[in-house]
Amino acid sequence: MVDGIQKRIRILGRLDLVLLGCAIAFPGFSADSFAQNEANPAQSPTVLHLNAREVVLPVTVRDKHGALITTLQKSDFTLTEDGRPQVIKSFAHETNLPFRIGLLVDTSRSMSNVMQSVRTATGSFIDLMLPAPPATSKDQAFLLHFDREVELLQDFTNSRDKLHHELDDMSASRQEQYEGTDSGSSGSDDRQQHRSRAGTQLYDAIYLASDELMKSKDGRKALVVFSDGGDRGSKETLNEAVDAADRANVVIYTIYFKGEQDHSNNGGGFPGGGHRGGGYPGSGSGWPGGGGGRRTPTPTGANGVDGKKIMQEIADRTGGHAFEAKKKEDLGAIYKLIEAELRNQYLLTYTPDKVDNEGGFHKIVLKANKDDLTVSTREGYYAPEGK
């Protein structure tokens, strides 16, 4: 048993876990935290303090060639909230804040041919993000896999060994292995129920990871999701999953790999947004840029849901980056790009010019003053109610 949550959580159908008592829309931290860290960089990691009047945005900036830009100041940007100009309070690399990383892996049958490469690349990413030995490290990660159910394999830990152990043993869930069994064959009623619940619970996995695992944590928070983007069977919708990430202040990085059973048409645009993701390798769509609207319709291709566009939208709306692995050998390089982006992320803070005590969603637009720079950040935030 892991404190606060069972070591393995199985979700069969709706995520009927007890929600946290108080929804936290976004964390803030005191203005003094930056000055203290600059004066004494060796001090213990900064702790994000709740502040109802302060918004914190993770920001990544790239030039026209896709290179990370790490020398910018707050004067290099303009910020609006719901179309109104805002004053940027601080803009800096907050390297003392601990990382909170969630690793979400699609283990459905369509991914079976690439699973060993995923284990190897994810293991290398763990080694990059979690220093050794772990005794003094505040950085933590958890491992979750999903197919016909969502299962937490390892809760937050700073131990590489624990994560590697679960990663090495990771496989499709017992229920996934029943897929394809004839519904009229012999077996328990339980197995018949599992067969009738065909699908890959991508949205449920993101919702669970954000709402049940990430929301109560401080620090720099990110999910890394490997999948073909197809969701079949989730009780949560795409919008509900993204909303949960917004409320938890989580950035999502997606890695799209076209599974054996994905035959959707990946060409063309999609409703309500542009191509911000898919910049590596070889997609031709460039590094993230532009922005998508709220409540964007589910992207579709000629043959139904377009998994690649869904993975792009998830990353776009949470301020992350969508990658595509054309072949399994690309995975290691992609994980290294994600590590570099996380290490070079800025944190921006500002105090909204208007008070919202009703928990509304507020659209944010952050632009660099130089036209050849591309800025990635969250599309907005939910104000806390009753503050």
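Residues are numbered from 1 along each chain as its sequence is written, and side-chain values use heavy atoms, with hydrogens and water left out. As the model is predicted, local features need pLDDT of at least 70 and side-chain atom pairs count only at pLDDT 80 or more, whereas totals for chains, interfaces and linings use all residues.

The chain contains eight helices and 17 strands; helices (H or I, at least four residues) and strands (E, at least two) are DSSP runs, numbered from the N terminus. Of its 387 residues, 54% count as buried, where buried means under 20% relative accessible area, exposed over 50%, and partly exposed in between (1.4 Å probe, protein chains only). The chain exposes about 16200 Å², of which carbon and sulfur atoms supply 48%; accessible areas come from the Shrake-Rupley method with a 1.4 Å probe, and for residues only the protein chains shown count as cover. Among contacts (heavy atoms within 4.5 Å) with a separation of 6 or more, 79% are between residues 24 or more positions apart.

The largest nonpolar core has 33 residues. A nonpolar core is a set of buried Ala, Val, Leu, Ile, Met, Phe, Trp, Tyr and Cys residues joined through side-chain atoms within 4.5 Å. Ile101, Phe125, Phe226, Ile255, Leu331, Ile338 and Leu342 touch the most other members of this core. At least two residues each are supplied by strand E6 (99-106), helix H2 (115-129), strand E7 (140-146), helix H3 (160-169), strand E9 (220-227), E10 and H8. The largest share, six residues, comes from H2. A second, separate core of 28 residues includes Leu104, Ala205, Leu208 and Ala209. Beyond its neighbours within four places in sequence, phenylalanine 125 is in contact with Ile101, Leu103, Val224, Tyr335, Ile338, Glu339 and Leu342.

Helix H8 spans residues 331-343 and includes glutamate 341. Glutamate 341 counts as buried because its relative accessibility is 1%. The side chain of glutamate 341 makes a polar contact with that of histidine 321, at 3.4 Å. A polar contact is a pair of N or O atoms within 3.5 Å; within protein, one must be able to donate a hydrogen and the other to accept it, and residues adjacent in sequence count only if both atoms are side-chain atoms. With neighbours within four places in sequence left aside, glutamate 341 is in contact with Thr60, Arg62, Leu68, Tyr253 and His321. Isoleucine 334 also lies in helix H8, and it counts as buried because its relative accessibility is 0%. The C-alpha atoms of isoleucine 334 and phenylalanine 323 are separated by 7.1 Å, the two residues being eleven residues apart along the chain.

Helix H6 (residues 238-247) is mostly covered, with eight of its ten residues buried. The buried residues are Leu238, Asn239, Ala241, Val242, Asp243, Ala244, Ala245 and Asp246. Their cover includes helix H5 (202-214), strand E10 (251-256), helix H7 (307-318), strand E15 (361-368) and strand E17 (380-382).

Lysine 74 is found in the loop between E2 and strand E3 (77-81) and is partly exposed, with a relative accessible area of 41%. Not counting residues up to four places away in sequence, lysine 74 touches Ile88, Lys89 and Phe91. Aspartate 82 lies in the loop between E3 and strand E4 (84-86). Its phi is near 50°, a positive value in a residue other than glycine, and aspartate 82 is partly exposed at a relative accessible area of 37%.
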